[in-house]
Number of protein chains: 2
Amino acid sequence: MIDIISVTDKEEMARRTARIAEALSANGIDAMLLSSFANLYYATGRVYCGYAYITASGEAYYFVKRPVGLDGSNVVYIRKPEQMAETLAANMPKTLALELGIASYNAIERLKKVFDGTAVTDATPIMCKVRSVKSEFEISKLKECGIHHVESYGRIKKMYHEGMTDIELQIEIERILRDEGCLGQFRIAGDTMELFMGNVLCGRNAEVPSPYDFAMGGEGLDASLPVGANGTIIKPGNAVMVDMCGNFNGYMTDMTRVYRVGNITPLAERAHQLSIDIHHRLAKMALPGVEAKSLYEEAVKMVKDAGLEEYFMGLRQKAGFIGHGVGIEVNELPVIAPRSRDVLELGNVIALEPKFVIPQVGAVGIENTYVVRRDGLECLTNAPEEIVELY
Amino acid sequence: MIDIISVTDKEEMARRTARIAEALSANGIDAMLLSSFANLYYATGRVYCGYAYITASGEAYYFVKRPVGLDGSNVVYIRKPEQMAETLAANMPKTLALELGIASYNAIERLKKVFDGTAVTDATPIMCKVRSVKSEFEISKLKECGIHHVESYGRIKKMYHEGMTDIELQIEIERILRDEGCLGQFRIAGDTMELFMGNVLCGRNAEVPSPYDFAMGGEGLDASLPVGANGTIIKPGNAVMVDMCGNFNGYMTDMTRVYRVGNITPLAERAHQLSIDIHHRLAKMALPGVEAKSLYEEAVKMVKDAGLEEYFMGLRQKAGFIGHGVGIEVNELPVIAPRSRDVLELGNVIALEPKFVIPQVGAVGIENTYVVRRDGLECLTNAPEEIVELY
């Protein structure tokens, strides 16, 4: 019997535990131990310092270090991981999935000693796969994000003043988002990216390659955080790409729109329209069962047919994907990339972001977040797609 | 010969490489391989996707995956970690320090295969120790942070309006900080804490225990990020504690001040004054060579003498420290805690935060960032310490 400690919907949480249990059974694994915040939040509906232990038969223990005061018959307070062995005692698993792709080497080595004699396997890909298929409950949270995201972006065009820099505009957008209820936290899986609340790129700054695995780069304001706005003054003829944080409730939509002052070059206009056309094409193609890489291939084909491949996904350094799953974190499965082995499933939520960097002008193209439905993609970020003039 | 790829001061970077080399020699380790952003930024002056390889004799290779275009005779572009073995070839180390406390289990296992036959040890504590002693260059960056931090806090008192909530005030403070040049990124070592730009706590929300290892808690706005402001309306008699991000240049000062509307209880006033008194006492005590735990003990003694221990460092859940090192990340060495084995060194930069949670009123007490100098602590966050009335 599962006694959920969630602060949200208890039925939903029971379904999630059941889905994890099912994945464990399918992989012949006895139990899973989670401690990363994103997986804990998924599996228990809350964030705490400790572990969630879930078995293939659907039992769950919540081992908690902090905070004090959590209730539930299967909540066990511990000071250190070694105490978990006492609780599990005679029921130690034969095989256990740990977060080998997330937790530090030292943390895993310590857990391996706690579960001495247990065969250890990796929980990371299992949880990525489980989390990649969203429930209607999760989709409703993402829809809520999309509504607030769109509402916030709608207020951007009035924020501009002559002589404004990219970072000044970004600070205005941050304010709009926070006022709209954005939590600010931009959750990224893994340790290869950092970003503060999103990315605003103006003009030639879009040409600066990034150390991170984002679709777009930018120099940033400081060597310690080399991404995004760099103090460029927004001038007539510039494209300003806005790709800011859509985390309003623990889930995130991902959305990009482009703004301009005055006119931008026909090449940039054409590339932006091609991005929109790619979205519309892929939205019909992206049915359950379709290979993720085929979406990438279709986008590249359209770009080549238009003769715009030199600008596609960066100039000097090109991103190797045009889309990605999104949910609790911004880089979930499936990955829309040439060597992706992912196959689209009903309930996947994906952000598509075919973008172009046009020399001297800046970055163009849009990003929307979609749910994979039986008949194609349902858009969660419904806002005008054309380039918006700032005033 | 070291050919530094740093974007900042080259002499400083050469000194840092020498300090790491010295620590390796002292520990009998041939080389170290770093890839976490905080350690890379320390060791190379920039952030990139890849590795810094530093030997005990002071040689360095910079293995870079992204961005394209970094110059330097010892910059080696790689696509995958296995290629490092080709470059090092005949010079493979006998012992190698890896970030076992930071990098994922999978990442370390892969590196162990790359350095097959090499004995692996943990780079994490070595780098924590090296980074805990700041150079004058680093102190000058922290001083700059302190000046901007103080300037920003000076503007808070005018932001209040009747009926304002804690989160509305926090958003105003975020805006002030960003306008002042704050980068926003709140860097925390390890995986046990998350926070967006800092913490504003009003009234009873300060009593809510946190899952995180911060000095203070708060419910937060959403179950996905249970810390800080929760929408409490700021009322007469409340204390409002402001502990917001001081990252203006890749380094961070840590600073807390308290605000009020109308009068707060004499108990809260007395506890706040005691926090100030603790600061002044510890500022004289904290000489190089002094045990960090003795500062903690002195603070606790002062609190007990005043009969305020039930409110000290939390009510239902108490933080186990009153101070910590600060620099590139907010939780560096030394730790000012009862079981700390750290001994203060010349050039340590520490934040002291003896705080109290007063029932019904809120959190009081201040936090300052200090440099450990020959004759005691030099304060980097010089602002009035008393409680400031909002208007």
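The structure is a predicted model, in which local features need pLDDT of at least 70 and side-chain atom pairs count only at pLDDT 80 or more, while totals for chains, interfaces and linings use all residues. Residues are numbered from 1 along each chain as its sequence is written, and chains are lettered from A and ligands numbered from 1 in the order in which they are written.

Helices (H or I, at least four residues) and strands (E, at least two) are DSSP runs, numbered from the N terminus.

The relation between the two chains was examined next. Chain B is superposed on chain A by a rotation of 180° with 0.0 Å of shift along its axis, with an RMSD of 0.0 Å. This is the relation of a two-fold axis. The superposition is by least squares on the C-alpha atoms of residues with pLDDT of at least 70 in both copies. The same surface serves both copies, in that 100% of the contact residues of chain B recur in chain A.

The contact between the chains takes 49 residues from chain A and 49 residues from chain B. Helices α2 (37-44), α4 (105-114) and α7 (166-179) of chain B each supply at least two residues of the side of chain B that touches chain A. The largest share of that side, 5 residues, comes from α7(B). By class, the side of chain B that touches chain A has 24 nonpolar, 15 polar and 10 charged residues.

Of the 8 residues of α2(B), 8 are buried, so the helix is largely enclosed by the rest of the structure. A residue is buried if 20 or more other C-beta atoms lie within 10 Å of its own, exposed if 12 or fewer, and partly exposed in between, with C-beta atoms placed from the backbone. The cover over the buried residues of α2(B) includes α1 (10-26), β1 (31-34), β2 (49-55), β3 (60-66) and α5 (124-132) of chain B. After α2(B) comes B:G45, with a positive phi near 80°.

Within α2(B), B:Y41 is buried, with 25 other C-beta atoms within 10 Å. Not counting residues up to four places away in sequence, B:Y41 touches A:S224, B:R46, B:V47, B:G250 and B:I328. B:Y41 and B:G250 lie 209 residues apart along the chain, and their C-alpha atoms are separated by 8.6 Å.

Two packed helices are described by the angle between their axes and the distance between the axes. The axes of α1(B) and α2(B) come within 7 Å and cross at roughly 115°, where axes are lines fitted to C-alpha atoms, for helices over the stretch in contact, and angles run from 0 to 180 degrees between N-to-C directions. This contact is formed by B:M13, B:R16, B:T17 and B:I20 of α1(B) with B:Y42, B:A43 and B:T44 of α2(B). Its residues comprise 4 nonpolar, 2 polar and 1 charged.

In chain A, A:T124, A:M127, A:V130, A:R131 and A:S132 of α5(A) are buried. The buried residues of α5(A) pack against α1, α2, β6 (119-122), β12 (323-325) and β13 (332-336) of chain A.

Key. Contact = placed C-beta atoms within 7 Å. Nonpolar A, V, L, I, M, F, W, Y, C, P; charged D, E, K, R; others polar.
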